[in-house]
Amino acid sequence: MPLMTEELLKRRLRPLRHFSTKNKSMQRMFPRWNKLSLKSAAAAHVLSFASRKALTPSRQCSGKRFNVPPSAEFVARVSGIPTMAKLPFRESADGLDAAFVGVPIDTGTSNRPGARFGPRQIRVESALLRSYNSGTRAAPYESLVVADIGDINVNVYDLKDTCRRIREAYRKILSTGCIPLTMGGDHTIAYPILQAVAEKYGPVGLVHVDAHADTSDVVLGEKIGHGTPFRRCVEEGLLNCERVVQIGLRGSGYSADSYEWSRAQGFRVVQVEECWFKSLAPLMSEVRAQMGSGPVYLSFDIDALDPGFAPGTGTPEIAGLTPIQGVEIIRGCRGLNLVGCDLVEVSPPYDTTGNTALTGANLLFEMLCVLPKMKYY
């Protein structure tokens, strides 16, 4: 930005100087204003601009305008209308490289309700997020045009109609070339989302992080619910089964081997016992080799984490993953051809401290930071 000329500075300052010099009470309140020279005012202007420039990410890179969340150094976190990471709200995915979108349903839950409020609470807690990833040095807002495009207008009285609405909405999002980052909502939503994803990309690989396999056939006479999405996906050919991994599975079951069906399809099943007391970076190196260069969808159920860390969820299971391991899994997806991600099953009524939603917001940020074309410092 060129330095201001003296004439331009005079025009900028004239209304304020006129107001202060004509108003006697203002003179008494701000006596130093009358002594402010044009030279010192110019210096203050340049210094102020330079400090903002140094502390705020570039909004213009390679001829492309990016959305950059306001820094809490200048804008209070508690101010404004909550959007994911305080990003701008957009009504559609047109012109976006990636978009945060909410799917507020819990109609498919089998135990605790409340996940319909998950997207709203994740957005509230996401006000703490900043612009750069200090751990990986990723600069998402210098790499991709990102915004919050709001929520899918679901039908809370009809789960099948909700699935139709989700599928149609994601067709539109994906048709723009945008990568959706979804805030759930219960895990039922993965089924219609993957229907839309597979329509665009064909059968995809899947990194599924969860306490449960979600491969039941029928629950209480229904084929659609949060315990059945990946069975439906296999039946419809939406997944490349040799490129599916399920991580963190645990808990009591309805048979001695609750994951027999998954293995029979060709899924790699990583039960939580294989994850205890260790880093998951070596596992993710193997997962990257398994996934190859084809399109991959990442689905993360917050109940994959131990309920001591994430109590606000519908079907908690003890002895789960740690948040550190959750971050390792997501960071381990760097380099994959990710075409969509979700973070599901946050239930604010069971999340009295907000920690579950806060963790979910941070995991979504980590997902953003491993999307293709990411810039790292």
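Colleague: By class, how many nonpolar, polar and charged residues are in the lining of the largest pocket?
Modeller: This is a predicted model, in which local features need pLDDT of at least 70, side-chain atom pairs count only at pLDDT 80 or more, and totals for chains, interfaces and linings use all residues. Ala, Val, Leu, Ile, Met, Phe, Trp, Tyr, Cys and Pro count as nonpolar, Asp, Glu, Lys and Arg as charged, and the others, Gly among them, as polar. The lining of the largest pocket comes out at 10 nonpolar, 21 polar and 11 charged residues.

Colleague: Which residues lie nearest the centre of the largest pocket?
Modeller: A pocket is an open set of points on a 1 Å grid over the protein atoms alone, where a 1.4 Å probe fits, with protein on both sides within 12 Å along at least five of seven lines; lining residues have an atom within 4 Å of a point. Residues are numbered from 1 along each chain as its sequence is written, and side-chain values use heavy atoms, with hydrogens and water left out. Of the 42 lining residues, those nearest the centre are His 212, Ser 216, Val 219, Gly 227 and Tyr 254.

Colleague: What volume does the largest pocket have?
Modeller: Grid points are joined across faces, edges and corners, and a volume is the space filled by probe spheres set on the points. For the largest pocket this gives about 980 Å³.

Colleague: Which helix supplies the largest share of the lining of the second largest pocket?
Modeller: The second largest pocket has a volume of about 490 Å³, and its 29 lining residues include Leu 128 and Tyr 132, two of those closest to its centre. Helices (H or I, at least four residues) and strands (E, at least two) are DSSP runs numbered from the N terminus. Helix H10 (323-331) and helix H11 (355-368) each supply at least two lining residues. The largest share, 6 residues, belongs to H11.

Colleague: Which strands stand at the edges of the sheet?
Modeller: The open sheet has 8 strands with parallel pairing, in the order E4-E3-E5-E10-E9-E6-E7-E8. Two strands pair if DSSP finds at least two bridges between them. Those with a single partner strand, so that one side is left without a neighbour in the sheet, are E4 (146-151) and E8 (268-271).

Colleague: Which residue meets Arg 164 in a salt bridge?
Modeller: A salt bridge is a side-chain nitrogen of Lys or Arg within 4 Å of a carboxyl oxygen of Asp or Glu, and the structure holds 15. At 2.7 Å, N to O, the partner is Asp 161.
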